[in-house]
Amino acid sequence: MNNIKRRNTRQRAIIYDIVASTDTHPTADWIYEKAKKVIPNISLGTVYRNLNILKEEGKIIEIQDSKQSRFDAKTQPHYHFKCEKCGGLYDIEEEKVYISTNLDEEGYQLKDAFVILNGICYKCKGN
Ligand SMILES: [Zn+2]
Ligand SMILES: [Zn+2]
């Protein structure tokens, strides 16, 4: 039992490190490919399960993209910019975007603003 627990903790730490190693907001498939290099017998299901646990623990966030969920180890509030040309997902600092909310007046209590801005990124602009 203890061995299994230790193995699970190790797998989870590896998966977390993979997500935290990039700012490209990887998909589970991408994370799985990387994880296989460290843990050759890991399954995609195990990767998903660990991503869910990490999410529940508040260590990563899941971003619902049109096709596949993407994951982010940057958990402090920030916005995302999605490029419609290359599909890249970029972190945008909150200060760069001003979103006015008058929800208080209407009795709504805002807890989280999950915003994906769509457009063309600086790399694709002009191409
Ligand atoms: Zn782009
Ligand atoms: Zn992000």
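**Terms and their grounds**

Modeller: In this predicted model, the centres of domain 1 and domain 2, taken over C-alpha atoms, are separated by 25 Å. The domain assignment places domain 1 at residues 2–72 and domain 2 at residues 79–119, and the C-alpha atoms of the chain fill a box of roughly 55 × 45 × 25 Å along the principal axes.

Colleague: What pattern does the protein chain follow along the sequence?

Modeller: The pattern reads α-α-α-β-β-β-β-β, in keeping with a secondary structure of three helices and five strands.

Colleague: Why are α1 and α3 called roughly perpendicular to each other?

Modeller: The axes of helix α1 (residues 2–20) and helix α3 (residues 44–56) cross at roughly 80° and come within 10 Å. Angles of 65 to 115 degrees count as roughly perpendicular, and α1 and α3 are therefore given that description. From α1 the contact is made by Gln 11, Arg 12, Ile 15 and Tyr 16, and from α3 by Thr 46, Val 47, Asn 50, Leu 51, Ile 53 and Leu 54. These residues of the contact of α1 with α3 divide into six nonpolar, three polar and one charged.

Colleague: What makes Lys 36 partly exposed?

Modeller: Lys 36, which has its place in helix α2 (residues 28–38), has 14 other C-beta atoms within 10 Å. A residue is buried at 20 or more such atoms and exposed at 12 or fewer, so Lys 36, with its 14, is partly exposed. The C-alpha atom of Lys 36 is separated by 9.9 Å from that of Val 47, eleven residues apart along the chain. Over the protein chain, 16% of the 127 residues count as buried.

Colleague: Why do β4 and β5 stand at the edges of the sheet?

Modeller: The sheet is open, with three strands in the order β4-β3-β5 and mixed pairing. β4 (89–92) and β5 (116–119) each have a single partner strand, so one side of each is left without a neighbour in the sheet. Neighbouring strands of this sheet are turned by 30° against each other on average, direction ignored.

Note on methods: Residues numbered from 1 in each chain as written. Chains lettered and ligands numbered in written order. Predicted model: local features only at pLDDT ≥ 70, side-chain atom pairs only at ≥ 80, totals over all residues. Domains from an automatic or database assignment. Pairing = 2+ DSSP bridges. Helix = DSSP H or I, 4+ residues; strand = E, 2+ residues; numbered from the N terminus. Axes fitted to C-alpha atoms, helices over the stretch in contact; angles between N-to-C directions. Parallel < 35°, antiparallel > 145°, perpendicular 65-115°, else oblique. Contact = placed C-beta atoms within 7 Å. Nonpolar A, V, L, I, M, F, W, Y, C, P; charged D, E, K, R; others polar.
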